[in-house]
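Take a walk through this model, one element at a time. Keep the sequence beside the structure as you read.

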Amino acid sequence: MNGPRMQRYHHQKKLKRKKRKKVFLILTLFVMIICVGIVGFRVAFRKEAVGKDTTIKTINPEPKRAAEQQKQQEIVKPINVAVFGVDNDGFRTDVNFVASFNEKTKELHFVSVPRDTRVVMTNQMIASLEERNAYVPYRNNVKGQCKLTEVHAYAGEGYRNEFSVAMLEDLLGIEIDYYVKVDLDAFHDIVDAVGGVDMQVEERLYYSDPVQGLYIDLQPGYQHLDGDKAEQLVRFREGYAQKDLKRIQVQQDFMKALLEKVSSTSTIISNLPDIIKVIWNDVQTDATLKDVLKYAKYIKDIDISKITMQTIPGEGGAYFDHDEEGTKQLIDKVFYGIVPEEETVEEAADVQIDEMSV
């Protein structure tokens, strides 16, 4: 694609940008908002939580084990923010993850949930749909069963965010304090606003879909990614053997690279309030702009070296069936620092072996 043909392509691409369908989104903007606003969220949550039960809601803590863990160490309830990326028509959540920040340790953790994860709507969701005479999915003889990405669509106007948050809470067994939802235009704006991101593209990425106006053409190697190239990187899927699971990994790598860029560049940090204001109209959240801007200075407290990015365990196919027990252990360990007793014993044994080998 050279000369006039390339010019026509770019012109058509700009015209089609807002008309694209089934766009897979990477939510780097959310990462920035979470970072600059996280302490504000925590302070606001504390004020709202006065008089409420603030007991930690872990997935499967046996009463005795949980009590012992709390005696051994003070567990700080993290602030959990659900992050959603929707396709251009706003019906489905094609990207879903939870960002969890521990105010005491300054640790930031991300847990992604594949879009095709098999879920079953809660009784409250089903009742809500029935009361509104809305369609209730019914698959494999299970009422309310569908893919996670579809919950947002089935919920209906005015209920989409509520349903998506509730579904993640039910799936992961956690309490979500806030949600953030973004679109592709916001992604372009923020990547270009910070001057792009430098990172390694692992392999040759090529894909063309004229219907979506999507053209991906990236060479392997370490390179500079502006908003357009970053979109190509995070949307690529079909060429990977693991499809969406591999794409999630690439998206997580990009998010970390963006965080490193933002946290290490004083000029960007000083301009964060202006950047956030410019793109605020492209973002949906139940946090206020005032909260985010007020605590922008706390981005320096995020320790990049302590950031973790993981995906819930499971097996993929037409549906992604998550490993319930593995997910429980992941959430308890990553969000709350609760390590299974057998894992602690294994780690101690490994230390002993290492010491004997010295």
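Ile79 lies in strand 1. Strands here are DSSP runs of E with at least two residues, helices are runs of H or I with at least four, and both are numbered from the N terminus. The model is predicted, so local features need pLDDT of at least 70 and side-chain atom pairs count only at pLDDT 80 or more, while totals for chains, interfaces and linings use all residues. Residues are numbered from 1 along each chain as its sequence is written, and side-chain values use heavy atoms, with hydrogens and water left out.

Ile79 has 0% relative accessibility, so it counts as buried. Buried means under 20% relative accessible area, exposed means over 50%, and partly exposed lies in between (1.4 Å probe, protein chains only). In sequence, Ile79 and Asn102 are 23 residues apart. In space, their C-alpha atoms are 6.7 Å apart.

Now follow strand 1 to its partner. Strand 1 (residues 79-86) and strand 8 run parallel, joined by five bridges. Two strands pair if DSSP finds at least two bridges between them. Phe84 has Lys181 of strand 8 as its bridge partner. Strand 8 also runs antiparallel to strand 13 (residues 283-285), with three bridges between them. There, Val182 is partnered by Val283 of strand 13.

How many residues of strand 8 (residues 178-182) are buried? Five of the five are, so the strand is largely enclosed by the rest of the structure. In a regular strand, side chains alternate between the two faces of the sheet. In strand 8, Tyr178, Val180 and Val182 point one way. Tyr179 and Lys181 point the other way, and all are buried.

Next, the helices. Helix 5 (residues 148-155) has six of its eight residues buried, so it too is largely enclosed by the rest of the structure. Its buried residues are Leu148, Thr149, Glu150, Val151, His152 and Ala155. Gly156 follows helix 5, with a positive phi near 90 degrees.

Helix 4 (residues 123-131) and helix 6 (residues 160-172) have axes that come within 10 Å and cross at roughly 155 degrees. Axes are lines fitted to C-alpha atoms, for helices over the stretch in contact, with angles from 0 to 180 degrees between N-to-C directions. The two helices are therefore roughly antiparallel, a term for angles over 145 degrees. Met125, Ser128 and Leu129 of helix 4 make the contact with Phe163, Ala166 and Met167 of helix 6. Contact means heavy atoms within 4.5 Å.

How values were computed: Angles under 35 degrees count as roughly parallel, over 145 as roughly antiparallel, 65 to 115 as roughly perpendicular and the rest as oblique.
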